[in-house]
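Me: Can you help me go through this model? I'd like to start with contacts and then move on to other things.

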Amino acid sequence: MQRKYMRGLGNKMGEKPSEEMNKRFRALIRSRVCAVSSEALRDPIVACELGHLYNKEAVLLALLERTLNPAFAHI
């Protein structure tokens with residue numbers, strides 16, 4: 001049985017999404033979610049030199065409270 005309306009998620013029932021779809025999904029999430037707080041992005045939004053998007057308030061709060069994840073030490 002083929003899926004008619006869910007293109008790109010596999011042709012057969014139960015087939016796992018392709019690696020290309022996983023990349024697209026991760027890119028979509030990265031463009032809509034704050035990298036620090038994992039909340040939906042809202043104004044004002046800031047970006048780092050690596051291209052990650054952040055809610056400005058979440059970044060400032062994490063810096064002030066010194067709770068910023070070491071993965072974001074470049075901020």
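Me: What does L41 touch, not counting residues up to four places away in sequence?
Reply: In this predicted model, taking contact as heavy atoms within 4.5 Å, L41 touches S31, R32, V33 and C34, and also L53, Y54 and N55. Residues are numbered from 1 along each chain as its sequence is written, and side-chain values use heavy atoms, with hydrogens and water left out. Local features need pLDDT of at least 70 and side-chain atom pairs count only at pLDDT 80 or more, while totals for chains, interfaces and linings use all residues.

Me: Which residues make up the largest nonpolar core?
Reply: That core has 7 residues, namely C34, L41, C48, Y54, A58, V59 and F72, where a nonpolar core is a set of buried Ala, Val, Leu, Ile, Met, Phe, Trp, Tyr and Cys residues joined through side-chain atoms within 4.5 Å.

Me: Is C34 buried or exposed?
Reply: C34 counts as buried because its relative accessibility is 2%, with buried meaning under 20% relative accessible area, exposed over 50% and partly exposed in between (1.4 Å probe, protein chains only).

Me: How many disulfides are there?
Reply: The structure holds 0, a disulfide being a pair of cysteine sulfur atoms within 2.5 Å.
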